[in-house]
2 protein chains.
Amino acid sequence: MQNFDYQTPTRLIFGKDVIGQLPEVMSSYGKKILLTYGAGSIKKIGLYDKVKELLADYDIYELSDIMPNPKYDPSVLDGVRMCKENDIDVILAVGGGSVLDCSKAIAAGALYDGDPWDLISYKVQAKAALPIVDIITLAATGSEYDSGGVISRTETNDKIGYMDPHLYPEVSFLDPTYTFTVSKKQTAAGCADAMNHIMEQYFCEDSSILNDGFMEAGLKSLMINTVKCLENPEDYNARAEMMLTCTYGCNGIYALGNSETGWPCHGMEHALSAYYDITHGEGLAIITPRWMKHILSERTVDRFVKYGVNVFGIDSTLDRFEIAEKAIDETYKFFESINIPMHLRDVGIDESRIDEMAHHVALNEGLEEAWVPLFEKDIAEIFRASL
Amino acid sequence: MQNFDYQTPTRLIFGKDVIGQLPEVMSSYGKKILLTYGAGSIKKIGLYDKVKELLADYDIYELSDIMPNPKYDPSVLDGVRMCKENDIDVILAVGGGSVLDCSKAIAAGALYDGDPWDLISYKVQAKAALPIVDIITLAATGSEYDSGGVISRTETNDKIGYMDPHLYPEVSFLDPTYTFTVSKKQTAAGCADAMNHIMEQYFCEDSSILNDGFMEAGLKSLMINTVKCLENPEDYNARAEMMLTCTYGCNGIYALGNSETGWPCHGMEHALSAYYDITHGEGLAIITPRWMKHILSERTVDRFVKYGVNVFGIDSTLDRFEIAEKAIDETYKFFESINIPMHLRDVGIDESRIDEMAHHVALNEGLEEAWVPLFEKDIAEIFRASL
């Protein structure tokens, strides 16, 4: 087991109707709130009105239209400007991971004098950030329980994962009923994103009874509950367990003491959605089984055997490579069964920019340090196998 | 899934030689430290000298001889007095769960004007507490990652679990090498304590893929790693995984969203160690399988089936009650295999005060609200079956 330093100070307020505690929570932070949200789904489900009603005594400034794969320009820049101009005390992010990720970058930028890109690109380390409270409406990213976010900068095709200990949300409200109206497409993509968060940590040099069992339970929870949610979008227990499983995804608790893995699928997918603005979870689902096939070897096979036997119940007496191949097939088939498009061409990506993207990933994502190192050639091969 | 409100702000610094970070951590809290420890094992392993060397620039006041089942009088009272007299800034607890539990009561009492028992007995709610940093030398209680402690008051045979959100340690140092010298008896008792923490949460009305899998992995981790630690006390990975598994025991993360269970075995064991000052983990190991037999019924059998199949690998095609009985037998046999005395008479408890203890538990522990309600008669029966 490797040494580690772990702290997640965020308070999770989880369950049906917990929104009633919002006024009490917000009362700690001052009167001026920047309310951030996306294209308007929070209006359709009545959450926007509810928040405004509960916070009638506050000065609320609004930053709307934050898009999936949230953009530095205009969203982060607009938010930072609004915080500075209006002396905002706290950010209330209402939506999915993109809204919260964007809000984290705004929170850091609001208390920094220079160009916020200095922080996101790690040129400068943030010294402080505005407090963030969030209300989550999509089970996927785990941003509600970690200190990171992913920001895209269109003109340079950059999509950067930005982490800073100042960026843990103070409080995350998680009401599974807000996810009842999430579309089948987004439910499936959220599942794939969350499954990949676990896989990025599971496929590593280490093996322990506790972490492996925790992650295998997480993977099974996501698969079984996603199928239930697709069959009955208002299955409370399925939505709730999916939400909780996603929440643990990115703060490290699934794999405390495991070695670093480099999160290779995320590294590769960042290029796909930076160049083509595809749905992150779909990009991950497409890449994952191809990456698995690419890294399967004598060195890695035992990890795939454990995955196959414990997650998919594959017969442990079979040949090791046979189990591994079956496990990869089962992974592919699961994503296919929840109607995720499983080829890059299905999401509008062709051969034309593969080499350019592979070069970009190799240059920026550090995957030569991954559990199984990936160089430009490997990345291009995985992209081509995904076409 | 039930609603929940969860926050564990403690920072875990885990691994070999992490003690080097102690000066940096302590520099946040001021110059006056109350150093708390037990009978002196920290001197034998050189940790006492190391701490004094690392903190040579601090004013260190010492409260030693904190005993297992830590006592209100003298330990808590002495500690509170020392904090008040010397204007202590921070408590540094070095030892096992008893030292840390005692230090938590001291931390709250130090900032309270009245009798500290007011706080422990919940007559008064603490408004603040001194910050606590700990260095753990025994894998068992999980006190390093929760806000509670258990304090005994000899003259009234009270042993009270005291929790308050002010009492999360600020930082917990967890170096598995400090547990290399833990005796076989205490290693086994620590395992039984930690296993029971999980069982108290596992045996409940709810069932979820994530929590059940996490807890089953925790139980398997404790059993397999304890056997390794008993065979080779310096097996780093086994000690480390055991330490991490124990750490999650009592802060709720193993069972977020599960219903309350009442922690019945702990409620009953508190009387045993209050009346007879036995080793807590041994008392729990003795009671647990008898409690299981007592509550096995049509209502509870499926939970035992899941436990038996997933933790002990019992054949799932057998009759449900047969699986449950086998699972209870396996539990008993595991404790026996790690040389825990499995009868109350083995630890000096006879029939004479059983009814008195059962009455005390029924009056004070609220077990009529447990998952399977226990009344005085039930408690006495479980105690008698444990003789």
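**Burial and overall form of chain A**

A residue is called buried if 20 or more other C-beta atoms, placed from the backbone, lie within 10 Å of its own; with 12 or fewer it is exposed, and in between partly exposed. By this rule, buried residues make up 55% of the 387 residues in chain A. The structure is a predicted model, in which local features need pLDDT of at least 70 and side-chain atom pairs count only at pLDDT 80 or more, while totals for chains, interfaces and linings use all residues. Residues are numbered from 1 along each chain as its sequence is written, and chains are lettered from A and ligands numbered from 1 in the order in which they are written.

Chain A holds 15 helices and 8 strands; these are DSSP runs numbered from the N terminus, helices being H or I with at least four residues and strands E with at least two. The C-alpha trace of chain A spans about 65 × 45 × 40 Å along its principal axes. Two residues are in contact if their C-beta atoms, placed from the backbone, lie within 7 Å. Of the contacts in chain A between residues at least 6 apart in sequence, 76% join residues at least 24 apart.

**The interface between chains A and B**

33 residues of chain A are in contact with 33 residues of chain B. Strand E1 (4–14), helix H8 (209–231) and helix H9 (236–247) of chain A each give two or more residues to the side that touches chain B. H8(A) gives the most, with 10 residues. This side of chain A has 16 nonpolar, 11 polar and 6 charged residues. In this classification Ala, Val, Leu, Ile, Met, Phe, Trp, Tyr, Cys and Pro are nonpolar, Asp, Glu, Lys and Arg are charged, and the others, Gly among them, are polar.

Chain A can be laid on chain B with an RMSD of 0.0 Å by a turn of 180° and a shift of 0.0 Å along the axis. The two copies are thus related as by a two-fold rotation axis. The same surface serves both copies, since 100% of the contact residues of chain A recur in chain B. The superposition is by least squares on the C-alpha atoms of residues with pLDDT of at least 70 in both copies.

**The shared sheet**

E1(A) and strand E1 (residues 4–14) of chain B pair in the antiparallel sense over 7 bridges; two strands pair if DSSP finds at least two bridges between them. Phe4(A) stands opposite Phe14(B) in E1(B). The open sheet has 12 strands with mixed pairing, in the order E3(A)-E2(A)-E4(A)-E5(A)-E8(A)-E1(A)-E1(B)-E8(B)-E5(B)-E4(B)-E2(B)-E3(B). Strand E3 (59–63) of chain A and strand E3 (59–63) of chain B stand at the edges, each with a single partner strand, so one side of each is left without a neighbour in the sheet.

Within chain B, strand E2 (residues 32–36) and strand E4 (residues 90–95) pair in the parallel sense over 4 bridges, and Thr36(B) stands opposite Ala93(B) in E4(B).

**Surroundings of Pro116(A)**

Pro116(A) lies in the loop between helix H5 (97–110) and helix H6 (117–120) of chain A. Pro116(A) counts as buried because it has 23 C-beta neighbours inside 10 Å. Leaving aside neighbours within four places in sequence, Pro116(A) is in contact with Val76(A), Val80(A), Ala105(A) and Gly109(A). Val80(A) is 36 residues away along the chain, and its C-alpha atom is separated from that of Pro116(A) by 8.1 Å.
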